[in-house]
Structures are given as structure tokens and as C-alpha cells.
Amino acid sequence: MIVDINFVGLIIASIMASAVPLILASCGELITERSGVLNLGVEGMMIIGAISGFALMTVTGSLIIAVFGAMLAGVLISTIFAFLTQTLITNHVATGLALTIFGIGISAMIGKNFVGIPGKEFPVLFEGLKDTIPLLSPILFGHSIVFYFAFALPFITSYFLKKTKIGLIVRAVGDSPESASNQGINVRFVRYACILYGGAMCGLAGAYLSMIYTPQWIENMTGGRGWIALALVVFSTWNPIKILIGAMIFGGLTIIQFHMQAIGVRIPVQFLTALPYIVTIIVLVVISRDSRKIRLSTPSSLGKSFHKDN
Amino acid sequence: MIKIVKRDQPSKAIFFFTPVLAIFLTLIAGGIIFYILGFKPFEALKFFFIVPIADKYGFSELLLKATPLCLIAIGLSFCFKSNNWNIGAEGQLTFGAIVSGGVALLFYDQEGFYILPIVILAGAIGGMIYASIPAILKTYFNTNEILVSLMLVYVSKLILDYLVVGPWSNPEGFNFPETRQFSDSARLPLLFEGLRIHAGIFLALAAVVISWFVFYKTYLGFQMKVSGFSLKTAKYAGYKGKKMIILVFLISGACAGLAGVGEITGPIGQLHREVSPDYGFTAIIVAFLGRLHPVGIIFASLVVAITYLGAETAQIFMQIPKYTGQVFQGMILFFLLASDYLLFFKFKFIGSKK
């Protein structure tokens with residue numbers, strides 16, 4: 001059997017494309033969690049981003065407005081979460097769940113008029129170079145700007161957390177809000193900012209799904225990707241570079257599904273669809289078994305409210 | 001001037017008042033959303049919350065929807081009280097429905113008084129098996145129960161889909177994704193002629209009574225309460241933490257499984273793709289709105305059940321999208337959590353002194 005080398009390149013590229021929303025959402029959530037906040041509303045923020053992006057694109061016709069509008073929608077919806085958990089000191093888990101339920105409902109409500117409308121073509125970069133290098137060309141060239149941004153993001157996030165002063169402040173707030181506060185850092189402000197940033201990235205992840213990957217609006221189209229993104233953050237032990245690896249594995253599982261069906265492997269389609277979820281569980285078990293290692297890498301104040309009496 | 005002061009002790013009166021406040025605020029916010037969408041707010045709210053339960057049939061439908069919500073929420077309150085975040089009740093419901101449905105299908109051409117009890121038991125066991133997965137992984141492998149229980153929801157729905165399309169599909173069913181009809185002996189009896197409300201409501205009421213007894217009259221209930229406040233204290237007191245985690249998961253799994261049985265042997269009468277309109281997720285809101293208190297949960301399940309009916313009625317009469325139900329559910333939880341602020345803080349009015 002002769003395997004066309006460019007075909008292999010195309011498969012890898014499609015795996016990368018399906019990893020993009022996971023990378024974006026996970027990197028956003030990672031910053032939020034590093035500041036000590038557990039936002040379980042990723043799925044809700046993504047779906048809000050998805051409908052906002054698609055609706056704005058259809059109504060205004062501008063892709064730039066649509067992409068930034070989706071990010072803004074993510075910011076707005078995460079503001080509710082930030083206000084509740086930081087100002088009103090509510091439980092992170094319950095508030096995140098409310099955000100997801102609310103997000104799925106309101107996106108379907110807005111999206112009612114956008115079902116069945118075809119998407120627009122999203123411009124790709126370096127299209128002219130597509131046939132230059134065998135194997136590598138389809139991987140490197142001819143993708144949307146969001147695609148390139150997603151693959152740069154883990155490295156940017158890593159640099160931000162390790163090498164910049166603001167990154168250090170975020171980590172300090174997550175690991176010890178009390179001492180950060182004693183140093184004169186406004187813990188609440190930092191956490192607000194990190195939650196809003198997470199919202200923007202989840203919004204972008206959703207917009208990528210509805211505007212570039214699919215591209216159309218389908219109800220509930222995130223289909224659990226938000227939850228997988230949350231699992232990826234644990235998988236990465238809060239290290240952005242490992243998110244890249246994890247997202248590629250899950251992207252791979254999604255793509256394998258299509259190809260196995262195409263070559264006619266006799267496995268029920270439902271089993272293949274369930275694979276990413278089952279693998280997530282297995283991976284979580286393997287990662288968490290070493291409780292000491294998990295404790296060392298988890299932001300110490302994750303999910304705990306911080307309230308300064310004044 | 002208004003100043004915010006921390007209360008010395010959380011107020012007990014406000015603890016049970018805030019759910020009412022949350023519902024009230026949700027109605028106001030709902031009216032505003034309807035207005036933005038171009039509907040008359042009061043008319044829309046009337047179609048949403050009053051019209052659906054105005055007659056005998058509507059009231060029966062309300063109880064029909066409240067039954068699974070109440071049952072699941074009672075189970076979840078065991079988990080939430082002891083600080084275990086089981087959010088996969090939807091999966092436990094589905095798996096309970098699969099196991100009990102499978103047993104009911106074994107008896108599809110038989111009649112007998114013994115069939116229904118076996119089917120019900122099978123559902124409870126199915127739910128327990130499914131809930132034991134996150135419980136065991138949490139206790140022995142330190143794995144986050146939130147993510148595991150949630151991932152299992154997707155898996156259970158895919159298993160159900162596989163079964164009703166494939167091996168369990170009705171041989172005379174023209175390839176519709178559904179199983180055979182269960183025999184009459186495997187169906188929960190209807191309570192009134194012409195109404196859909198069925199005997200499953202007694203399962204929910206039994207769960208309410210038993211949970212009240214366990215919470216407030218037994219040592220286990222006390223242990224759960226202490227572990228909910230502080231795991232460290234529980235450890236000092238020498239409670240068997242692992243056993244308790246598994247136990248509360250099994251209880252909530254059994255309740256969710258029973259809710260699944262109630263659906264398939266009650267109104268549905270067979271297995272098909274959608275055995276539950278997300279009752280398992282909505283029940284999380286019911287549990288919180290009911291303050292994890294058995295009696296509170298009864299009221300909360302009735303209130304939240306209206307959002308299901310209201311969404312259907314509003315869709316038929318006013319073409320309001322049916323997802324409004326979920327929007328309302330999310331808002332109730334938002335407002336409830338927000339009004340919890342009043343538990344710990346109070347506003348003090350101070351005359352400006354100059």
C-alpha cells in the first residue's frame with residue numbers, strides 16, 4: 001500500500017484544526033485557574049462565543065467585527081461569573097454550572113434565527129505556498145489566523161506566566177492570596193482580569209467552531225468540548241505547553257473517528273464518538289493517581305473564595 | 001449612607017427566604033428578556049407560569065415533570081451536603097433507564113406482578129453502578145469527580161443510542177431508533193384515568209421521607225453534615241471518609257436510576273434516544289433552590305418543573321423559543337447564589353454625620 005505523503009500531512013493538519021478550540025479554551029481557563037478561580041462555565045462561554053460570532057458575521061458581514069464581538073461576548077458573560085464569585089463570594093462550582101446552563105439556553109434562543117444559514121469563507125494565510133514542501137506544506141500553510149494564534153498561545157502563555165511581572169502576580173494570587181494581598185496586590189482585581197481573559201479566549205474558541213471549523217451554527221455545537229478543555233487543564237498539570245500535547249491527542253481522537261468510518265472499520269460509530277470522553281477519564285485517573293504531584297502543581301487556592309475584611 | 005457589614009452568624013430566616021427572592025428576581029429578569037425579544041412581558045410570563053398549570057391536565061403534567069426532578073435532587077443533596085460534586089446525575093439516570101429497560105425487554109411478552117419490582121430494582125442498581133465509577137475513582141485514584149461524572153453523561157447517552165439503533169431496536173419497528181413496547185406488567189400504574197401522572201410520584205415521596213430521616217435523625221446524616229463543613233474536622237473525628245463518599249454517590253445514583261425507571265416505565269413505555277430532557281442537570285438547580293432540605297426540594301421541584309411546561313406552552317401560543325426554559329433555570333441559580341450574599345452580610349443604613 002502506497003501512502004501519499006501529502007495525505008499524511010493533510011490528516012495531521014486536520015487533527016491540528018480540531019485541536020484549535022481546545023487549545024484556546026484551555027489556555028484561557030489555565031490563566032483563570034492560575035489566579036485561583038475555578039470557572040466551570042467554559043462550555044457556556046464557548047457556545048455564547050459561537051453564536052455571537054456567527055450572528056455578528058451574518059448580520060454585519062464583517063469577519064473582524066464577528067471575531068472580536070465573540071470575544072467580547074465571552075468577556076461579558078464571564079463578567080457575570082466574576083461579579084458573583086469575586087464580589088458576592090459565591091461558590092465557584094455552582095456558579096460555573098449556572099453559567100453553562102444559562103449559556104446553552106440563551107445561545108439556542110438567539111441562534112433560532114440562524115439555523116441553516118450557510119457560513120462564510122474565512123480567509124486563509126500563505127495559500128500560495130501550499131504545494132511547495134511535501135508533507136509539511138499542508139501542515140504549515142493555508143490556515144486561518146486564529147489557527148496560527150492558537151498554536152502560538154501556549155508558548156505566549158508559558159512566557160507570560162514564567163517571565164513577566166504580571167504573570168508572577170497572577171501566580172502569587174493563585175498560590176497565596178493572603179500574602180499577595182499583604183504585598184499590596186489587589187487580589188480581587190487580578191482575579192476579575194483573569195476571569196475576563198478566560199472568557200475572551202473561550203469566546204474565540206467558540207467563534208472558531210461556528211465561523212471557521214464547521215462553519216455554520218448548530219444548536220449545542222460545542223458538544224462537550226468545553227468540558228474536555230477543562231479536563232485538559234488538569235491533564236497539563238497547569239503547564240501551557242502540555243496543553244498543546246493534550247489537545248493534539250484529543251484532536252487526533254476526533255479525526256481518527258472519521259477516518260475509521262471511511263475505511264469501513266466495523267466498530268459502532270457511537271463507540272468511536274465516546275472515545276474522547278472515555279480517554280479523558282482514563283487520562284485523568286493516570287494523572288491524578290499521584291496525589292502528591294497533583295498537589296504540588298495545582299494552584300493552592302484553586303476554587304477557594306478570598307474575602308478581605310475591610 | 002449604606003454600609004455593608006458582616007453578620008456574626010448566617011441568618012436562618014434569610015436562608016429560607018432567599019430562594020423566594022431568587023424566583024421573584026428571575027421573573028423580573030425574565031420579563032425584561034421577553035420585552036427585549038419583542039413580547040409583552042406580562043402576557044409572556046402568564047403563558048409561561050400560569051396558563052400551563054391552570055387545569056387538571058396541566059397540574060398532572062406539572063407533577064409528572066416534578067417527580068424525576070425531586071427524586072434526583074434528593075439524591076444529589078446527599079452528595080452536595082457532604083461536599084461531593086456529582087454533576088453526572090443525567091448519566092446515572094440514563095444508565096438506570098438502560099439497565100431497567102433491558103430487564104423490561106426480557107419480559108416483553110409476559111405478564112406478572114413480579115415484573116415491575118424487578119424492573120424498578122434493576123434501574124436503581126444501574127444508577128448505582130454508574131455512580132460508583134466517579135466515586136471509586138475519586139476515593140482510590142484521587143480523580144476529580146466533577147469531570148468524570150460529566151464525561152460519563154456523554155458516554156451513557158451514546159450507549160443508549162447504540163442499543164436502540166442496534167441490538168435492542170424493535171424487530172418490527174421499521175428501523176426506528178426505539179425498542180419494543182414494554183408489557184403492561186412492566187409499566188407504572190397511572191393514578192387517574194386520562195392523566196399521565198403515575199405511581200412513580202410515590203417513589204419520590206418515599207425518597208423525601210427517608211432522606212429527611214437520614215439527614216436529621218441518624219449518625220450518618222451528622223457525619224455528612226460535618227464533612228460538608230470541614231473535611232479536616234471529619235478526619236479528626238475519625239469518620240471513614242472513603243466509605244461515606246462511596247455511599248453518598250450510591251444513594252444519589254440509585255435516586256437518579258429510579259428517576260430513569262419512572263420515565264421509561266411511566267410516560268414513555270419503551271427505550272428510545274431521549275429518555276430525559278436533561279432532568280439530571282436541572283435537578284442540580286432544584287437541589288440548591290430547595291436548600292438541600294427534603295421539604296425545600298419538593299417546592300423547588302414544582303417551581304422548576306413549571307419552567308419545562310412554560311417553555312412548551314409559550315412556544316405553542318407565542319412562538320417563544322423553548323430554550324427559554326433553560327435560560328430561566330440558569331437565572332434562578334444565578335440569583336439564588338447572588339442572594340446568598342445576604343446570608344453573610346447585611347446592609348446597614350447610617351445617617352450621614354458631619
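A:Thr237 lies in the loop between H10 and helix H11 (240–263) of chain A. The model in which this residue is described is a predicted one. The phi angle of A:Thr237 is positive, at about 45 degrees, although the residue is not a glycine. A:Ile89 is not a glycine either, and its phi is positive at about 55 degrees. With 15 other C-beta atoms within 10 Å, A:Ile89 is partly exposed.

The overall scores of the model are an ipTM of 0.89 and a pTM of 0.91. For chain B the mean pLDDT is 90, and 99% of the residues of this chain reach 70 or more. Where pLDDT is low, predicted coordinates should not be read in detail.

The secondary structure of chain A consists of 13 helices and zero strands. Chain A has a radius of gyration of 20 Å, close to the 19 Å that the globule rule gives for 310 residues, so the chain is as compact as a globular protein of that length. The C-alpha trace of chain A spans about 70 × 45 × 40 Å along its principal axes. Of the 310 residues of the chain, 48% count as buried. Among contacts in chain A between residues at least 6 apart in sequence, 78% join residues at least 24 apart.

In chain B, 14 helices and two strands are present. A compact globule of 354 residues would have a radius of gyration near 20 Å, and the 22 Å of chain B agrees with this. The principal axes of the C-alpha trace of chain B give spans of about 85 × 60 × 35 Å. Buried residues make up 51% of the 354 residues of chain B. For contacts in chain B between residues at least 6 apart in sequence, the share that joins residues at least 24 apart is 78%.

Helix H5 of chain B covers residues 115–141. Its 27 residues, at 1.5 Å a residue, should span 39 Å, and the end C-alpha atoms are 38 Å apart, which agrees with that expectation. H5(B) has a kink of about 30 degrees at B:Ser132, shortly before the proline B:Pro134. Just after the helix, B:Asn142 takes a positive phi of about 65 degrees. An α-helix has 3.6 residues a turn, so residues three or four places apart point the same way.

B:Val119 is also found in helix H5 of chain B. B:Val119 has 26 other C-beta atoms within 10 Å and is therefore buried. Apart from neighbours within four places in sequence, the contacts of B:Val119 are B:Ser100, B:Val103, B:Ala104, B:Ala186, B:Val261 and B:Thr265. B:Val99 is 20 residues away from B:Val119 along the chain, and the C-alpha atoms of the two are separated by 8.4 Å.

The contact between the chains takes 40 residues from chain A and 36 residues from chain B. On the side of chain A that touches chain B, at least two residues each are supplied by helix H3 (63–87), helix H4 (92–111), helix H10 (225–235), H12 and helix H13 (291–297). H4(A) gives the largest share of this side, twelve residues. By type, the residues of the side of chain A that touches chain B divide into 27 nonpolar, ten polar and three charged.

One residue of chain A that touches chain B is A:Ile281, in helix H12 (residues 269–289). Not counting residues up to four places away in sequence, A:Ile281 touches B:Val148 and B:Met151. A:Ile281 counts as buried because 21 C-beta neighbours lie inside 10 Å. Between the C-alpha atoms of A:Ile281 and A:Glu127, which are 154 residues apart along the chain, the separation is 39 Å.

Definitions and conventions: Residues numbered from 1 in each chain as written. Chains lettered and ligands numbered in written order. Predicted model: local features only at pLDDT ≥ 70, side-chain atom pairs only at ≥ 80, totals over all residues. Helix = DSSP H or I, 4+ residues; strand = E, 2+ residues; numbered from the N terminus. Buried ≥ 20, exposed ≤ 12 C-beta atoms within 10 Å, placed from the backbone. Contact = placed C-beta atoms within 7 Å. pLDDT = per-residue confidence, 0-100. Expected span 1.5 Å × (residues − 1). Bend = angle between axes of the 7 residues up to and from the residue. Rg over C-alpha atoms; globule rule 2.2 N^0.38 Å. Nonpolar A, V, L, I, M, F, W, Y, C, P; charged D, E, K, R; others polar.
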